[in-house]
Amino acid sequence: DLQAKRATIPDNITVLRIPYDQSSDLKKKYNVTIQHTFVQINQQDKALATWVGGGIEIFDKYLK
């Protein structure tokens, strides 16, 4: 969904796809326990919002 609709992602949003099985440090840092978890972070790497699943249309609900 993200790939197909990436043109609709606002310019001020950067989406990084991190391989779930190869990112134990990041999973621990952001308390990610399930695949398909989104974590919004600020410029200081602090988590602002976390949610599981959903497509681009759900970004507006969670992004701060």
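The model is predicted: local features need pLDDT of at least 70 and side-chain atom pairs count only at pLDDT 80 or more, while totals for chains, interfaces and linings use all residues. Residues are numbered from 1 along each chain as its sequence is written, and side-chain values use heavy atoms, with hydrogens and water left out.

**Architecture**

- The protein contains two helices and two strands, which are DSSP runs numbered from the N terminus (helices: H or I, at least four residues; strands: E, at least two).
- Read from the N terminus, the order of these elements is α-β-β-α.
- Helix H1 covers residues 24-29, strand E1 covers 37-41 and strand E2 covers 47-52.
- Helix H2 covers residues 59-62, and a loop containing Gly55 lies between E2 and H2.

**Overall dimensions and surface**

- The C-alpha trace spans about 30 × 25 × 15 Å along its principal axes.
- Of the 64 residues in the protein, 17% are buried.
- The accessible surface amounts to about 5,500 Å², and carbon and sulfur atoms contribute 49% of this area; accessible areas come from the Shrake-Rupley method with a 1.4 Å probe, and for residues only the protein chains shown count as cover.
- Among contacts (heavy atoms within 4.5 Å) with a separation of 6 or more, 24% join residues 24 or more positions apart.

**Charges and the salt bridge**

- The protein carries 9 positive and 7 negative charges, whose mean positions are 5 Å apart.
- In this count Lys and Arg are positive and Asp and Glu negative, without His and the chain ends; each charge is placed at NZ of Lys, CZ of Arg, CG of Asp or CD of Glu.
- One salt bridge is present in the structure, the term meaning a side-chain nitrogen of Lys or Arg within 4 Å of a carboxyl oxygen of Asp or Glu.
- The salt bridge is formed by the side chains of Lys29 and Asp45, at 4.0 Å from N to O.
- Because Lys29 belongs to helix H1 and Asp45 to the loop between strands E1 and E2, the pair ties together parts that are 16 residues apart in sequence.

- Most residues other than glycine have a negative phi.
- Asn31, a residue other than glycine, has a positive phi near 55 degrees.
- The loop between H1 and E1 holds Asn31, which counts as exposed at 62% relative accessibility.
- His36 likewise is not a glycine, and its phi is positive at about 70 degrees.
- His36 also has its place in the loop between H1 and E1 and is exposed, with a relative accessible area of 59%.

**Positions linked by C-alpha distances**

- Lys28 is part of helix H1 and is exposed, its relative accessible area being 74%.
- The C-alpha atom of Lys28 is separated by 12 Å from that of Ala47, 19 residues apart along the chain.
- Gly55 has a relative accessibility of 8% and so counts as buried.
- Between Gly55 and Val15, 40 residues apart along the chain, the C-alpha atoms are separated by 12 Å.

Conventions
Buried means under 20% relative accessible area, exposed over 50%, partly exposed in between (1.4 Å probe, protein chains only).
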